[in-house]
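Colleague: I am new to reading helix packing and sheets. Could you take me through some examples?

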Amino acid sequence: MRTVATDVTAGPSSSDERVCGDGAKWLRVRFDELSLRRGDTVTVKGASGDSMTLTSGNWTGRPFSTRALRAFEGGCLTLSPSLKHSGSSYSISGYQAGATPLSHADVTVVAAGDICGSACNQTDDVVTGLNPAALITAGDNAYDKGSSSDYKRNYDPHWGKFNKIVHPSAGNHEYKTSGASGYFGYYEAAGVPTGGSGKGYYSFDVGEWHMVALNSNVPHSSSSTQGQWLKGDLAASTKPCTMAYWHHPRFSSGDHGDSSGSTDLYKILTDYKADVVVNGHDHHYERFAMATADGKKDEANGLRQFIIGTGGRALYSSTHTSRGPSEVFNNKTFGVGQFDLSATGYKFTFRPVEGRTFTDSVQGTCHAKTRP
């Protein structure tokens, strides 16, 4: 990937502008200014015909980085303004370009929580068959107390083989051992990132996605150290798509129900236009529609939340009513979530263990990103 400087400034009555990169297979432009009055738009169209229309509802008066607009296939972009008001304008100062097609950046990430568990000798086979680039866990990885012996006896024989690709998060059962010392000790001895004892939150990149592991077992309000770290981490990311994961779900129709304590994390993520959240804690699978932290459907700004507490611990039969917009619920099937991630979005599939037939799938496009 290379970054190239350019200079395009436009106001009312401006004609289309074309931005091209020599030898580029994809482009992503950088807006230094986007000031649109109500009804005015700027449409960005790629060489393959895909497009995105920017409106007054986003970013007005704010500069935003290259990650704020998704990448487009092809070596040229066309910017088509529809500016009727004298105060509307935009300015572009550069673009990112890649020498390989966006499709080559596609990666597979597998996710599960509440793992070992009696059935993690089945879910590990599903992970092996998918051969992911990365594996994320949504906590409660080794029952019952997440002790060193629990990890050695229950987790390591089945899921330890994934230590070269795993990026874990901790659950409440890990903290049944003081300071989650069994969790931190096991992973750190294996060279697996954890964010460090006392924190347990960190981030990394996979393909064109920014991945954020959070810890809902230590202070995680907006004003907490973790909350402030999350804001800074999201602001610094240069990736067009964002996935976060932790243990306690903001929304759940399962045994534990909604976790109001996760509201701040959820809101920070929506403020920074993140795309996907994965949680565990309740031992079932559930998919929610894109929503804000108050449970209202919102495709433009909301997160799509998945509960994948089906990694191997006994499934729960009790249910609650959730404030979140639940779309699919199943508490009878062990399995894992498969995310096929591209530079513009994701395709998700629930993969059951052998002998089970329940599955689910959905796909989505990443939000345009900006600092709030």
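Modeller: Start with contact. It means heavy atoms within 4.5 Å. Keep in mind that this model is predicted.

Colleague: Which residues of α4 meet which residues of α5?

Modeller: On the α4 side they are Gly 227, Leu 230, Lys 231 and Leu 234. On the α5 side they are Leu 265, Ile 268 and Leu 269. By class, this contact has five nonpolar residues, one polar and one charged.

Colleague: How are two packed helices described?

Modeller: By the angle between their axes and the distance between the axes. Here, α4 covers residues 225-236 and α5 covers residues 263-271. Their axes come within 10 Å and cross at roughly 15°.

Colleague: Why are α4 and α5 called roughly parallel?

Modeller: Angles under 35 degrees count as roughly parallel. The crossing is roughly 15°. Therefore α4 and α5 are roughly parallel to each other. Their crossing is right-handed.

Colleague: Now the sheet. What is the order of the six strands?

Modeller: Read it as β11-β10-β9-β19-β20-β21. The sheet is open, with mixed pairing. Its edge strands are β11 (166-167) and β21 (360-365), and each pairs on one side only.

Colleague: In which sense do β20 and β21 pair?

Modeller: Antiparallel, over six bridges. Strand β20 spans residues 345-352.

Colleague: Which strands does helix α1 touch?

Modeller: Helix α1 (residues 120-130) packs on the sheet and touches β9 (107-112), β10 (134-137), β19 (335-341) and β20. The direction of α1 makes about 20° with that of β19.

Key
Residues numbered from 1 in each chain as written. Predicted model: local features only at pLDDT ≥ 70, side-chain atom pairs only at ≥ 80, totals over all residues. Heavy atoms only, no water. Axes fitted to C-alpha atoms, helices over the stretch in contact; angles between N-to-C directions. Helix = DSSP H or I, 4+ residues; strand = E, 2+ residues; numbered from the N terminus. Parallel < 35°, antiparallel > 145°, perpendicular 65-115°, else oblique. Left-handed = near helix turned anticlockwise from the far one by under 90°. Nonpolar A, V, L, I, M, F, W, Y, C, P; charged D, E, K, R; others polar. Pairing = 2+ DSSP bridges.
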